[in-house]
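Hello,

Here is the structure I said I would pass on. My notes follow below it.

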Amino acid sequence: MTYIQGETGDWEVVIGLEVHAQIVSNAKLFSGSATAFGTAPNSQVSFVDAAFPGMLPVINAFCVEQAVRTGLGLKAQINNYSVFDRKNYFYADLPQGYQISQYLQPIVGKGELVLDLPDGSTRTVGITRLHMEQDAGKSLHDQHPSKTYIDLNRSGVALMEIVSEPDLRSAEEAGAYVRKLRSILRYLGTCDGNMEEGSMRCDCNVSVRKPGQPFGTRCEIKNVNSIRFVMAAIEYEARRQVEVLEEGGTIVQETRLWDTTKLVTRSMRSKEEAHDYRYFPDPDLLPLELDPEWVEEIKRTLPELPDEKKARFMTDFKLSAYDANVLVNEKAKADYFETVAKGRDPKLAANWVTGDLFGALNKAGLEIEQSPVKAGDLGGLIDLIADNTISGRIAKDVFAIMFETPGKTPADIVAEKGLKQVTDTGAIEGAIDQILAANADKVEEYRSGKDKLFGFFVGQAMKATQGKANPALVNEILQKKLNG
Amino acid sequence: MTQLTHLTMADALKGLAEKQFTAVELTEAHVRAVEKARPLNAFITETPDKALEMAKASDARRAKGEAGPMDGLPIAVKDLFCTKDVLTTAASHILDGFQPGYESTVTSNLWRDGAVMLGKVNLDEFAMGSANITSYYGDVINPWSPGEPGNWPRKLVPGGSSGGSAAAVAARVALGATGTDTGGSIRQPAAFTGIVGIKPTYGRCSRWGVVAFASSLDQAGPMTRTVRDSAIMLRSMCGFDPKDSTSVDMPVPDFEKAITGDIRGLRVGIPKEYRVDGMPAEIEEMWRKGIEWLKAAGATPVDISLPHTKYALAAYYIVAPAECSSNLARYDGVRYGLRVEGNSLNEMYENTRGAGFGKEVRRRILIGTYVLSAGYYDAYYLQAQKVRTRIKWDFDQAFEQCDVILTPTAPSGAFAIGEKMDDPIQMYLNDVFTVPVNLAGLPGMSIPAGLGADGLPLGLQLIGKPFDEETLFRVGGVIEDAAQFTATPPFVA
C-alpha cells in the first residue's frame, strides 16, 4: 500500500475515475454526420447536430453495439433496457441546450478491470457503470479579441463514459487503470484511445483519508487528457488535500481544473455553484431495448482480450507475468510475438521481441506497426540460431542490419556478409592449433593452474574465425587440447 | 357554380378531375381570399407566388394523369411546420428571420400528394396558448365575431393554439390547414370556429421538422370543414418516418373508406367525470343531443368512468412545461434567429431570450425549469408521470366497455379577446376535456355539433383507441350528418 507521508502520519489516497471514450464509429450518435478528426471547423455538422428547430435524434445502432461490446469486454452486466436522458445546461458550444446522456438507467452496469502492477502482481478494480452520451462542440477563444468561435464538428459525437469504483489508491494505480482500459478498448476496436486527439479524456475524483477511516470529501479534476497528467494531477491534488487537512482546514467538495503549464489543480466551481442539470428522460427517444440474442452474438464475436491473452502466454509459452504484460498491452505487439514464437522457442522469441526489437523500436521512435523488421524475418533469424547457422552473438549483428535495411531476409544477410557459422571441426582445430603454438607461454601458465586464461583462448579462436566459429565447438576442442 | 372557396376538398377534387376548373383557378380564388381575410390576421406569411407555381405544376401533373390524392388543393400551414426557404416563426420573435433549409415530413407528404401552400398561418407563440393571443405577430380574430369585419364590437378568439389554421378554414380562405395539438390545440379551435379537427394517435404523424413544444404530447393533424376532408388530408399527412424515433411503423389506412354511416352496435362511452362544475347548460345540452344522434343511428351509449380525469390538467401543466423548458433551450441567439448582444455569454442569453420570448412562453419555461429542479423533480415531474400512467389505464379500462368515447370538446364556446386573460389558470381550464387525450396518446376528433345561444359554434369530441382513427371518422361522419351544421361565420372571405 502506498501512503502519502504527512506531518501527522500516513494518508491514503482514494481515487475514482470517469473516462470519456469516443466510440469508434463513422457517424455520430444521433445523426449521420461524419466524425473524422482534424477536418475544417463546422464541416461535419448536420441540422440535428446544430439543434435546428424541429430536428430529432435517431440512435446509431452501431454505437450501441460498440457500447455493448465494451461492456462485455469489461465483464459487465448489460442492461437490456436503458434510457436516454437530457442533461440540461446552457453553453455556446452545446447547441441543444442539453446533452443527451444516460442517467438513472445506463446501458452497462457493474463490471471489473484487472490492473497489472509494475511488480507483476494484479488487482481487480470495480467498474460502476458505462453509459452513452453525446459530445459537445468546441469553443475557440483565441481566434478573435472579443468573440468566441464555435466549432460543432464534435457536437453529437458518440462517447462512452466509463465510471470506476473509488478503488484506486495511488496515482500509479490510476495510470495503470487508464492504460489497461485503453488497451481493452483498442483490443475491442471500440475507442482508438488517442488522448492527444481527445478520443479519451479523464475526470479524476480524489480524496484522502487516514488509513481505516471513512472516505474523505472529494474533489473532481475535470478533463485531464494524458496518462502522465492523470498521474501528476492526482499526485498534486492528494498532496494539496493532505496539506489543507494537516493545517486544520477542510476539503470543500468542488470541481477543479488541471493547469497543464503550472502543473497545479485550480478551483473551477464549488458545490454551491454546481449546475442543476435537471435530468429527465428524453421524450424524443424511446427507451433502448436490446435483444438478448443480439447481445449474445456480440459476445460470441468478442476478440481475445489482454487478460486472457496474458494467461495464455504464461501457460502456453511459459512466459513471466512481466514479459506477458509487456507483450499483451498492445494487440499488435502480441500478434507480432505470436508470429515469431510460432514453432520456435517461446522464451527465445520473447527475449528477442521484448529486448532487441522493442529496444530498437523505442530508440528509433517507431510503433510496432512501423517496425522495419517483420515478424516472419525475426522468426527466420531465430531459426538460423537454432540450426546453428549463426551464433547468438552474430545474430545481434544480423538483426542490426535487418533493422537498417528493411526487406532483407536474415538468410540473405548471412550469405552476403559470409557470416555463416563455422562448424567444420577440422577448420576450428587448425585455427586452435595455430593459436596454441603461437602462445605456448600462456598454454604453460594455463596448465599450471591459471584457469582464467581459458577465456583468452576462446577469444583468440573467435577472432581468428571472425566470430563465425561455433562457440560450443571452440569450447569442446579447447577443453580437449588444453586439458586432454 | 358555387364559389370555389366554399367547396369541400372532396368536391374540389371532383371538380378538378372533371375539369370544371383548374388548380390555378382554384388557387387564384383562394389567394384572393387570403388577401380579403387580412383583417383576421390569420396569416404570418402569405406565399401567393409559391401557391400559383405549385398550382401550375399540379395542373401539369393532372394533364399527364399523375395527379396525387390532394392534387391542386390549396391549404394553409401552421407556422410551426418548417418549410424550406420560407420564413418559419412559431409565432415567436426569437425565430426572427428564420428560413429553414429543410421541409417538415408532414408538409413534404402533403406536397408529395399535390397540395398547394397558400402560406404560413398564425398560432400562439410556440403553440402555447388556447386563444391565439400570445403570438408575436398579433391576435387572430375568429371569423364568427359578430359585426363588420375590421370594425368588430367584440373580437372573439379563434381558440388556440392553431387559431390561424381554424380561422382560415372557417372563413373559407383555405380548404384545409395543418394544425398541431399538444393539449387540444387542434380540437379546441376547431370547436370554436365550427370546423372539424383531428389529433391522430401519438406516433401517426412524424414530428420531424415541426418546431417542438412538448415532444411527448405534440402531434400534427388536419383541420377541415368536413369529416371526409379530414380523412383525405390525414391520410396524406401521416405515415412512418425513420427520422422520428417516436413515429410508428404501421400501415396508413384509407380513412375515407371508414365513413360508412353504419355505427350499429357500436358502444359509445360517456364519461361521468366530464360533467364538470360550472359547465354551461348549452354544452350539457349539446352533449345530450350527441348521445341521442348516435343512439338513433344504432349505437349504444355506455356510462364509463375515467376517475383520474381531475388530475389530468395539473399533470399536463407539469409535463408540458418541463419538456418545453428543455426544448426551447436551443433558442439561445448563437446559431439562428434573434440575437441581442451582451457583454458576456450569459448577458447575451438573457438579452436574447428576454426579448425573444413572450410572457406565456417565459412563464412555461420557468414552470418547467422549476418542476425539473433537484429536490422538486420527484414531487412534480415524477408524480405527474405517474398520473399520466393512471390516465392511460383509465382509458384502457374504459375501452374494454366501449369502442369510442363522446364528450364536449371544450367547456365553453369562443370567448372575447380580453376575457380570461388575467388568470392563466382560467385559460388553462379550456383544455380540460382535450388534455387527457394527449396524455394518453390517443386519437381525438372535434366535430361541429351546433350553435350555442349566442350563435357561436360548439363542438363534440370523439376519443378513440390507439390507432383506431377509423372509428372516429365513422362516428364523426354520423354526428356530422345528424348535426347538419351548415351555418357559416359572419365573416367569409
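Let me start with a helix pair in chain B. Helix α2 (residues 23-36) of chain B packs against helix α3 (residues 48-63) of chain B at an angle of about 165°. Their axes are 8 Å apart. An angle over 145° counts as roughly antiparallel, and α2(B) and α3(B) are therefore roughly antiparallel to each other. Their crossing is right-handed. On the α2(B) side, the contact is made by B:Ala23, B:Val24, B:Thr27, B:Val31 and B:Val34. On the α3(B) side, the residues are B:Pro48, B:Ala51, B:Leu52, B:Ala55, B:Lys56, B:Ser58 and B:Asp59.

Please keep in mind that this is a predicted model.

Staying in chain B, look at helix α4 (residues 105-112). Which of its residues are buried? They are B:Thr105, B:Val106, B:Thr107, B:Asn109 and B:Leu110. Just after α4(B) comes B:Gly114, with a positive phi of about 100°.

Next, the contact between the chains. Chain B puts 35 residues into it, and chain A puts in 25 residues. On the chain B side, the elements that give two or more residues are α9 (309-327) and α10 (345-356). The largest share of that side comes from α9(B), with three residues.

Now chain A as a whole. Chain A has 15 helices and 16 strands. Its radius of gyration is 30 Å, well over the 23 Å that the globule rule gives for 484 residues, so chain A is more spread out than a compact globule. Its C-alpha atoms fill a box of roughly 95 × 55 × 50 Å along the principal axes. Of the 484 residues of chain A, 40% count as buried. Take the contacts in chain A between residues at least 6 apart in sequence: 68% of them join residues at least 24 apart.

How is chain A divided into domains? The assignment gives domain 1 (4-298), domain 2 (304-417) and domain 3 (425-483). The C-alpha centres of domain 1 and domain 3 of chain A lie 67 Å apart.

That is what I have for now.

Best wishes

Conventions: Residues numbered from 1 in each chain as written. Chains lettered and ligands numbered in written order. Predicted model: local features only at pLDDT ≥ 70, side-chain atom pairs only at ≥ 80, totals over all residues. Helix = DSSP H or I, 4+ residues; strand = E, 2+ residues; numbered from the N terminus. Rg over C-alpha atoms; globule rule 2.2 N^0.38 Å. Buried ≥ 20, exposed ≤ 12 C-beta atoms within 10 Å, placed from the backbone. Contact = placed C-beta atoms within 7 Å. Domains from an automatic or database assignment. Axes fitted to C-alpha atoms, helices over the stretch in contact; angles between N-to-C directions. Parallel < 35°, antiparallel > 145°, perpendicular 65-115°, else oblique. Left-handed = near helix turned anticlockwise from the far one by under 90°.
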